[in-house]
Amino acid sequence: MVNGGTVNDWICINFSRNVPDNAVRNFCRELADVCQTSGMDFSVDPLFPPLTTRPENVERALRARYQDAMNALKPLGRQLDLLIVILPDNNASLYGNIKRICETDLGLISQCCLAKHIYKRSPQYLANVALKINVKVGGRNTVLVDALSRRIPLVSDRPTIIFGADVSHPHPGEDSSPSIAAVVASQDWPEVTKYAGLVSAQTRRQELIQDLFKAWQDPQRGTVTGGMVKELLISFRRSTGQKPQRIIFYRDGVSEGQFYQVLWYELDAIRQACASLEPNYQPPVTFVVVQKRHHTRLFANNHNNQRSVDGKSGNILPGKLLPCTVVDSKICHPTEFDFYLCSHAGIQMVCRLSTNNLCYTYARCTCSVSVVPPAYYAHLAAFRARFYMEPDASDGGSVVSGVTTSRGPTGPRRAAGNVAVKPLPELKET
């Protein structure tokens, strides 16, 4: 960890009937020790002994335990920093309910752990949970050396904000559920490791992000502008004291047939958001569509040449090694500017191809990932927001730490057929 966060007051609730109290206490003790060893200022003992209750009592248990904690802490001028939750392995909608209550009602940071990990308490798992907790409470896990020394091309030379954007669509047959757009943006420079995010419900199956920029008429103030890009640009300036002089926008989830439609609409929205801040404010924008679901696979033509293959797996060289593998000719599109970049080492024998230095700053692990973190965070934030409306939705894991999600511009939206899109609930500040 580069900067360890602080957790002074925390509690634990166990919703798994198969995990006894002594196993929960041992797990909490070892997790606290790992957090301390990793560099966090983490209290060894919870505020109260772990509470065991039934999953069907989730809402009552969360509210009652939170109220008990606040009754004890408020006279001391302190807040509850963290809730650790033990979930049964088959938890159905329980995870979604916990996140919805903690984030939209209580304003409480939570970390969920499955029951199967409580007995094992493997060092690798505990270290991974510690990474998640650290960024959730405001710490920082990784920073690129090149970022600190300002040697990252097109990022370090002048204040640069990096966006990630994605849209989550409802499953087929869910006619009443809206699509959810998420946009995240870096909030520090030159480190580029901390992100804030906004989410917004929009017309079902609409891939274009409708709330990137908004303008509406107010009876008192006249024309008012807003939207997710404008809010994040303002937040960046508050955090760094500088306005971005360059914008890099990573867009996930766009099919090839939608490239130009998304580019024209969303790039124009970004330009309008910039112009709404200052009349002549038009920083250069690099718009990158990230795709990892493709069928292209690259192989070394000479596996005996150690300069062209990874010695462990025999794969092409990943991004952490120089030279890394970049393909921008021969097999690429004849007219569009696209390229393949192997950004991470393949644990197995096949690597996905994506982009670059940023892939080593993902908060939840210590190695490279296949997609740049801002696009990854946006994807996870969009799925997290679906829990606020559909608690049983699932994308295979918790949303990434370090991304603060909140709702986009207020008020319902009218979809095709004059059907109102229900807005997402407000998030409560932690």
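**Exercise 1.** How many helices and strands does the chain have?

*Solution.* The model is predicted: local features need pLDDT of at least 70, side-chain atom pairs count only at pLDDT 80 or more, and totals for chains, interfaces and linings use all residues. Residues are numbered from 1 along each chain as its sequence is written, and side-chain values use heavy atoms, with hydrogens and water left out. The chain has nine helices and 18 strands, taken as DSSP runs (helices: H or I, at least four residues; strands: E, at least two) numbered from the N terminus.

**Exercise 2.** Determine how α2 and α3 pack.

*Solution.* Step 1: helix α2 (residues 58–73) and helix α3 (residues 94–106) have axes 10 Å apart, at an angle of about 40°. Axes are lines fitted to C-alpha atoms over the stretch in contact, and angles run from 0 to 180 degrees between N-to-C directions.

Step 1: α2 is therefore oblique to α3, since angles under 35 degrees count as roughly parallel, over 145 as roughly antiparallel, 65 to 115 as roughly perpendicular and the rest as oblique.

Step 2: in the contact (heavy atoms within 4.5 Å), α2 contributes Val58, Glu59, Leu62, Arg63 and Tyr66, while α3 contributes Leu94, Ile98, Ile101, Asp105 and Leu106.

**Exercise 3.** Is Arg364 buried or exposed?

*Solution.* Step 1: Arg364 lies in the loop between β15 (340–341) and α9 (373–387).

Step 1: Arg364 counts as buried because its relative accessibility is 14% (buried: under 20% relative accessible area; exposed: over 50%; partly exposed in between; 1.4 Å probe, protein chains only).
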